[in-house]
Every structure is written in structure tokens, then in C-alpha cells.
Amino acid sequence: MHPPSVDTLARSLASLADLPIELPRALRVDIARQAIAAAVSAGDPGSAHALAEALATQRSRQLLQPVINATGTLLHTNLGRAPRVPRTQSTEITEPTRYTSLEFDLVTGQRGSRRAHASTLFALLSGAEAGLIVNNCAAAMLLVVSALASGRGVAVSRGEMVEIGGGFRIPDVMEQGGARLVEVGTTNRTRLGDYERVLASPKYDIAMLLKVHQSNYKITGFTEETPITELAELSKRADVAFVADIGSGLLDTRMPWLADASGKVPNLGWLANEPGARQTLEAGTGLAVFSGDKLLGGPQAGIIVGSAELVEACAKHPLARAVRPGGMVLDELQHVALMYLDQRARELPFWKMACLGVDELRARATSIVTSVGEHFGTALVSVIDTDAVPGGGTLPDRKIPSVGLCMRGDHVRTLRMMAPPIVARMTDAGTILDLRTIDPADDFLVAETIATALDATAKPGS
């Protein structure tokens, strides 16, 4: 008897009843492959369906989800301690307050791990063996250095000695992690031979090669850097860990989650040459670390993916508990991961903004100007071509063609004092409101606010 195909088995799992959380196709495919492999290995191909259903039920119940706490323990550690406060604009909470299955295995009834939720999903998305989530990318680097290189040397190119927001620097992270920073190459040129020399010298005692993405600055001109594939091969020969801090958190350079019904992905040229987590690991990197609140489009977090052995070493380090995220962050990250797995990441606010066409933006801007112009004329506010930027310390030299509104004069403070506040920028042309970062649902409110600001300016004494 032959086992079912992966596609057939994955499709059958879509109709399973009583799953607390519906599983995206990518997750069902992964489960189908595991079930078929287990059935064949056991010499019983016909058991693949039953195994797949059991696995699907287990995976669904292992995802972070609301639970009703009937234990009588008010601050139940395994259920996230204090229950989550429902999101509501009302001063009176009318929704039921629920705990979460943060560290509780609903299948076994025993204590579970907060790593069983979003961490496993991001490992699947990046093609990694394992994953671990901490509270931000700086914490991820600190944990990795502490767990894998404390008391030993970490080789970093001089051209990658980055400083991130708030004055946090790579050398400081090394020092706090108990490692010794070993500078390699020069600011503008670092070759493979530079890494080989420090690895060959016992005085440096290198435990890790670290590749840091220059996400918030750019060196141009007479430059050279060592490709990740060459560093990966070197790390294997030298038997040292190889870690890549890819910073901004692009999961896959092919961006399959942006494909339309025909499979076409929009041309986002400003993302050219940005490293992807999947491609970084495929090149042979042991670990990749990145942020959750940049190109991923999720909440602030640091995500570590890669070798199961290296991830486990990080997870077992005492510092891991100090930098772990709370249940709300993990819940939000799980939601984001499931959207990626379900090919719906284009619905995330960041990717919706990133994919907006200039023609669509221009039409919205024209509509707002027309609305405002009915009362004040179009001389005081006009449509203008602008350049949006990725921001957040990401892709510093890239600009995104956009369209905005230009209000004659300085209205920045007036707009900022409105309810809700509108944060605009001042240029020589006037006050600029870029439509790319404004939700279309707020266009009417923006038009009203502009009219109010212009009306206030027009009043005597204003």
C-alpha cells in the first residue's frame, strides 16, 4: 500500500473539525510530510492519515490561544499569570477576561514551553531547525554572544561595527556578553583571508564569526566584503559558530507572501540586495537574528533562527529568561507568523503601505484636495510627489516613490495638536503629509483636520 501524496493529505487536514486554531496550508503541508515519513518508517503507509490528523490536532492545540482559567489560581504562571485585558475603547470592560496557554500544554495537561508557539512557526518560515524569540534584536545578539562565545573571541569586520539607536554598539554588546571583540579587515575592505588569519592565531581563541548587516548606514566607493557562503564554509572548517545579524527581518527575498492570484510579486526595487533569513540560512549560516518590528511587520522582538544545537544553547543560557518576551508579544507574533504561512502577509499594515501604487496614492491625494478645496480653494493645499523611506534604521539609502499633500505654510504643530494628532513634516515647499503611511480609512479624517487647521490659520489673531 502506498502512502497518500503530501498535497492530498494536506488538503484533507483543511476539513478537520474541532481544531481550536485553523492551520494555514504551509503548516498542513509540513504536518503531512512528517506523518508520511513516520508512517513509512513504521512500515504502515496506511496510517499516514491518522498520524496526520493527530499531529494537526496537537499542533493546533500547542499554538498560543485564549483559555478559561478555572483552577482558582489567580496569577497562574503557566496561563500567563494576570489575564490579558481586552482591547476596548470603553471604560467598562464587557468582553470576558481570558488567560492564555502561554506555558501550558493543552494536549498533555502539563507545563509547556513558550517556545512551542511563535518560535516554531518562524523556524518553519525561515527553513530553520529551531527558533527562539526574545524582546528585541539587541537582546538576541547579547544572548547569542553570551551563550556561544563568553570568554573567547568573536571576529567582526571593521566595516560592520554598527551603532544602533540609543547609542548601543556592537563592541558594547561583546563586552556585556563576556566575549572579546576581534576586529577583522579595514573599514571599507574585509577579505576571507582576514578572517583566516585571526582563526589561525591561538591568541585570539575565536569562538564565533559574526556578520552584521549594515542596515542603518552605507559605505560606498572602494569597498569589499566577504560573502556569507565563504564565511559559512570557513566556520565549518574551523569548527566555530557563524552568526549573521540581518537586522531588518526580511524572511525571504522572493517575498512569496506578496504574490497575487496569478503568482506575480510586485516590484519593490527599494528592497534590492536586502538579505533574507531563509537565504542566509541556506548559505550555511548557523544562526540568523533579526527584528520583529521592521520588515517583518510585527511587534518589537528579537528572533533567533537556525541550528537546533545553537538555538538550544541560547535557550538554556541563564540570560534567556531575562530577555524573554511577554505573552502579548508572543500572541501578536504568532498571529503575524500565521498570516505569512497563510500567504496573507500582504494584509499586514506594513506590507499594505509598501505595496501601494503611486497612481492609487495620487487618486487619494486628489480626492482630499478636492474635498478641502470646496471650502478653501486648492491654492492652500495641493498634490505633491514625495519620497517615502523605509525608516527604523533600515535601508538608509533607499527611497520609495510616493505622493502626498502640501499645505502652504507651517502647520506642523497645529496638526500635531489635533485629535487624533497628525505628525507631518516641514519642507521649503510647505507642510507635507505623505499618503503612503496614512491608512485609506483615515483619508476623510485627514481632509477634515486639514480644513480645521486652515480655518484656524485664517482666523484673525491666529
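In this predicted model, the side chain of Arg114 forms a polar contact (a pair of N or O atoms within 3.5 Å, of which, within protein, one must be able to donate a hydrogen and the other to accept it, residues adjacent in sequence counting only if both atoms are side-chain atoms) with the side chain of Glu103, at 2.8 Å. The Arg114 side chain also reaches the backbone oxygen of Pro325, at 2.7 Å. Arg114 is placed in the loop between strand S2 (99–100) and helix H4 (118–126), helices (H or I, at least four residues) and strands (E, at least two) being DSSP runs numbered from the N terminus. With a relative accessible area of 13%, Arg114 is buried, a term for values under 20%, whereas exposed stands for over 50% and partly exposed for the range in between (1.4 Å probe, protein chains only). Apart from neighbours within four places in sequence, Arg114 is in contact (heavy atoms within 4.5 Å) with Leu102, Glu103, Arg324, Pro325, Gly326 and Leu330.

Residues are numbered from 1 along each chain as its sequence is written, and side-chain values use heavy atoms, with hydrogens and water left out. Local features need pLDDT of at least 70 and side-chain atom pairs count only at pLDDT 80 or more, while totals for chains, interfaces and linings use all residues.

Asp252, in the loop between strand S9 (241–247) and helix H9 (277–282), is likewise buried, because its relative accessible area is 5%. Its side chain is joined to that of Arg254 by a polar contact of 2.7 Å, and, residues up to four places away in sequence not being counted, Asp252 touches Trp257, Gly276, Arg278 and Gln279.

Trp257 is also one of the residues that touch the most other members of the largest nonpolar core, which holds 62 residues; the others are Phe122, Leu251, Trp270, Tyr340 and Trp351. Such a core is a set of buried Ala, Val, Leu, Ile, Met, Phe, Trp, Tyr and Cys residues joined through side-chain atoms within 4.5 Å. Helix H12 (residues 327–341) supplies the largest share of this core, eight residues. A second, separate core of 33 residues includes Ala130, Val134, Val289 and Cys314.

Helix H2 (residues 25–41) packs with helix H3 (residues 48–62) at an angle of about 135°, their axes being 8 Å apart; axes are lines fitted to C-alpha atoms, for helices over the stretch in contact, and angles run from 0 to 180 degrees between N-to-C directions. The contact involves residues including Leu27 and Asp30 of H2 and Ala48 and Leu51 of H3.
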